[in-house]
Amino acid sequence: MIDFTDRVAVVTGAGRGLGRLYALDLARRGAAVVVNDLGGSMRGDGADSAVADEVVDEITKAGGTAIASYDSVDSPAGGQAIVESAVRAFGRLDAVISNAGIFGSVPFEDLSPEDWTRMLRVHLDGGFYLSQPAYRVMRNNGGGRFVFISSSAGIFGQPMEAHYAAAKAGLVGLTNVIAIEGEPHGIFANSVMPTGFSRIVNETVGDEKFLAESGFMGAIRPELVVPLVTFLASSACTFTHRNYSASAGRYARVFVGLTEGWLADADTEPTAEDIEAHLEQMSCTDRFFVPTSIVDEVLEVCERRGIDAMPANAEIRFPESQTDRS
Ligand SMILES: NC(=O)c1ccc[n+]([C@@H]2O[C@H](COP(=O)([O-])OP(=O)(O)OC[C@H]3O[C@@H](n4cnc5c(N)ncnc54)[C@H](O)[C@@H]3O)[C@@H](O)[C@H]2O)c1
């Protein structure tokens, strides 16, 4: 059994929907869980502390350990407070499921700057505000696991969701870099594109007949997302820097690949007409690789060009972290 005894987990947006199920499963497996939820509406209005309290009650009545946190992830102080509540109550932090989210559908032409900002603040800024203090604690602990809840809307696109998709795609970028910088410290970061029936689906689809009769709606039981998220949040997960989709019991890796493309002759200046002429070769996905960082792309191009990535004896120096880890 994948066990979380003596492990401490933060789940944001854990008062409802999929987040609640992640929190229940981690607690059932022995984790001490910070159940964070602001308790607002689907669009992000209002707040209600009872939403997190109810899940804490559910966990403690079942013999588990949990505390509530009502802070919003959408400010640096909120993210810090969520992490501090875990450390204050349980002394450490091993897993963070960054799941809190809001939703709303607006045609791109009508999307206001306020809609845009609110969406990015909760999902993308919230992911940062939560994960940075958590990262520092994990680094002191000797490691940890991040699971960022992204969305297929961000990776593949979804009409009426420019703001939501941009925020969710941004979380994959955040996952990538935390994974790269965190790996030497035992901190792994992966992301999940879930599909699960919740108020987001219910309120967005609206049509009761469709909701009742669609086979897909019946198949996307939110419980089916839980095993993937639990696994990625556990120490049994020994990889980092990956994205997985979970939908109706189908679990699949999602990746960004670089195709072999077209290598223009080094002695020529390619023109727009050359691009047009080579589009098929550039776009063909038969041969590709999945870079693990920007360095892999640089090395691949250098190898094919027969050039060096770095002058001999050169060294790239990255800034040292100034964070006090005493
Ligand atoms: N349900 C799906 O099919 C689906 C698909 C793709 C992605 N997601 C993502 O999964 C996550 C959970 O979605 P859900 O369907 O369970 O939705 P939900 O609305 O049922 O739950 C989201 C929870 O997040 C909380 N929350 C919102 N803003 C917050 C904030 N600023 N601080 C703290 N808590 C906040 C809400 O109060 C709510 O309880 C979201 O990030 C969502 O975007 C869901």
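Q: What does buried mean for a residue in this predicted model?
A: A residue is called buried when its relative accessible area is under 20%, and exposed when that area is over 50%. The model is predicted.

Q: Why is S85 called buried?
A: The relative accessibility of S85 is 11%. The limit for burial is under 20%, so S85 counts as buried.

Q: Where is S85 found, and which residues is S85 in contact with, leaving aside its neighbours within four places in sequence?
A: S85 belongs to helix α3, which covers residues 76-90. With those neighbours set aside, S85 contacts V34, I67 and S69.

Q: What makes β2 and β3 paired strands?
A: Pairing requires at least two bridges between two strands. Strand β2 (residues 32-36) and β3 have 5 bridges, in the parallel sense, and therefore meet the requirement of at least two. Within this pair, V34 stands opposite I67 in β3.

Q: What does α3 touch in the sheet, and what angle does its direction make with that of β2?
A: Helix α3 packs on the sheet and touches β1 (8-12), β2 and β3. The direction of α3 makes about 150 degrees with that of β2.

Q: Which strands does helix α6 touch?
A: Helix α6 (residues 162-182) packs on the sheet against β5 (144-149), β6 (187-195) and β7 (243-247). Its direction makes about 160 degrees with that of β6.

Q: In what order do the strands of the open sheet run, and what is the pairing?
A: The sheet has 8 strands in the order β3-β2-β1-β4-β5-β6-β7-β8, and the pairing is mixed.

Q: Why do β3 and β8 stand at the edges?
A: β3 (65-69) and β8 (250-254) each have a single partner strand, so one side of each lacks a neighbour in the sheet. On average, neighbouring strands of this sheet are turned by 20 degrees against each other, direction ignored.

Q: How do you know that β7 is mostly covered?
A: In β7, 5 of its 5 residues are buried. N243, S245 and S247 point one way from the strand, while Y244 and A246 point the other way.

Q: In what sense does β7 pair with β6, and in what sense with β8?
A: β6 and β7 pair in the parallel sense over 5 bridges, and S191 stands opposite N243 in β7. By contrast, β7 and β8 pair in the antiparallel sense, also over 5 bridges, and R253 in β8 is the bridge partner of Y244.

Q: How many residues lie between β7 and β8 in their hairpin?
A: There are 2 residues between them, and A248 in the turn has a positive phi of about 55 degrees.

Technical notes
Residues are numbered from 1 along each chain as its sequence is written. This is a predicted model: local features need pLDDT of at least 70, side-chain atom pairs count only at pLDDT 80 or more; totals for chains, interfaces and linings use all residues. Side-chain values use heavy atoms; hydrogens and water are left out. Buried means under 20% relative accessible area, exposed over 50%, partly exposed in between (1.4 Å probe, protein chains only). Contact means heavy atoms within 4.5 Å. Axes are lines fitted to C-alpha atoms, for helices over the stretch in contact, and angles run from 0 to 180 degrees between N-to-C directions.
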